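Morning, everyone. Please bring the model up on your screens.

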Amino acid sequence: MAGVPTCAAGCTWRPQTATRRSDLARPGTYLLALETDNRAESHLPAIRFNDYLKVEGLTPAIALRARTRRTDADGAENYSRHAKAIVQVGSVDPGQQIMVTRPIGLALEIVPEHSPLATPRGSSLPVRIFYHGKPLAGALVKLTDLARDAEPVEMRRSDASGRVVFAMPQRGSWLINVIWTRPQPRTSLTDFDTDFSSLSFNIPG
C-alpha cells in the first residue's frame, strides 16, 4: 500500500510525521490521497459478478463477456483503490483551493473543476474523470450523501472529455466515486484489472 500525501498551496506536508494529529492543526485546505496496488483479488459467481458490473455501469466488461460467451462464467478481478479527501481546517481561504482542482497522478482520479468548499458556491459541481492521465468517457459517476448512503443522490455518465456535472451539494459529508475496469491478458489468473476511485469532502453548515 502506498500513500500519496499532498496539500494545497501555502501548506507543507512532511511524510515522516504525516500520521501525527499536529500535521493538520494549522488552518488551511488539505488534499489527502491514498493509492493501493492491484494485488487484491475478488472472485464472484456469475450472477453476482454480472449484477456488480451492471450496478457499477461497467458496460465494456458486460459487452466483452457477452462477446466472448462468458456471461454465465464466474468472474474474477484484481483491484486497486485510489481515494482523495479534501480536509478543511479553520476557515476557507480562496487562495488555497487551486490544488483541489489539479490532477495528482492517480491511476483513476476524480478532479473537480472548482473546489466544493470555495465561496461563493455555484449551483453546479462539475468534475472530470482521468484514467491513467487521460479523460475517461462513459464511466458511471455517483454522488452520495454519506449521512444517507443507501443510494446515490445523483448518477451521471462522463462525456467525451471525461466531464460530469452534478448539482452543488448542500451542507454535510459527501462522496463522489467511480469504478473502471479493463480486461487482463489471457495468461492472467483473473479476468479484469479494476480501479475504484473516490473523492470525499465536507461542506459546513
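Strand S4 (75-89) and strand S12 (192-203) each supply at least two residues of the lining of the second largest pocket. Helices (H or I, at least four residues) and strands (E, at least two) are DSSP runs, numbered from the N terminus.

Now the ground rules. This is a predicted model, where local features need pLDDT of at least 70, side-chain atom pairs count only at pLDDT 80 or more, and totals for chains, interfaces and linings use all residues. Residues are numbered from 1 along each chain as its sequence is written, and side-chain values use heavy atoms, with hydrogens and water left out.

Confidence next. pLDDT is the predictor's confidence in each residue, from 0 to 100. The chain has a mean pLDDT of 89, and 89% of its residues reach 70 or more. Over residues 1-22, pLDDT stays under 50. For that stretch the model has 46 contacts beyond four places in sequence. A contact means heavy atoms within 4.5 Å.

Back to the pockets. On a 1 Å grid over the protein atoms alone, a pocket is an open set of points where a 1.4 Å probe fits, with protein on both sides within 12 Å along at least five of seven lines. Lining residues have an atom within 4 Å of a point. Grid points are joined across faces, edges and corners, and a volume is the space filled by probe spheres set on the points.

How much space lies in the second largest pocket? About 160 Å³. Its lining includes Ile86, Gln88, Pro116, Arg121 and Ile203. By class, that lining has six nonpolar, five polar and one charged residues. Here Ala, Val, Leu, Ile, Met, Phe, Trp, Tyr, Cys and Pro count as nonpolar, Asp, Glu, Lys and Arg as charged, and the others, Gly among them, as polar.

The largest pocket holds about 260 Å³. Among its lining residues are Leu64, Arg65, Arg70, Arg186, Asp191 and Phe192. Its classes come out as four nonpolar, four polar and four charged.

On to the fold. The chain has two helices and 12 strands. Along the sequence the pattern reads β-β-β-α-α-β-β-β-β-β-β-β-β-β. Take the contacts with a separation of 6 or more: residues 24 or more positions apart account for 65% of them.

Two strands deserve a look. Six of the eight residues of strand S2 (residues 28-35) are buried. S2 pairs with S4 in the antiparallel sense, over eight bridges. Pairing requires that DSSP finds at least two bridges between the strands. Tyr30 stands opposite Val87 in S4.

Strand S5 (residues 108-112) has five of its five residues buried. Leu108, Ile110 and Pro112 point one way, and Glu109 and Val111 the other way. In a regular strand the side chains alternate between the two faces of the sheet. Five bridges join S5 to strand S6 (residues 124-131), and the two run antiparallel. Pro112 stands opposite Val127 in S6.

Last stop: Gly57, in the loop between helix H1 (46-55) and helix H2 (59-67). Is Gly57 buried or exposed? Gly57 counts as buried, because its relative accessibility is 3%. Leaving out residues up to four places away in sequence, Gly57 touches Gly138, Leu140 and Arg157. Gly57 and Val141 are 84 residues apart in sequence, yet 8.8 Å apart in space, C-alpha to C-alpha.

Notes
Buried means under 20% relative accessible area, exposed over 50%, partly exposed in between (1.4 Å probe, protein chains only).
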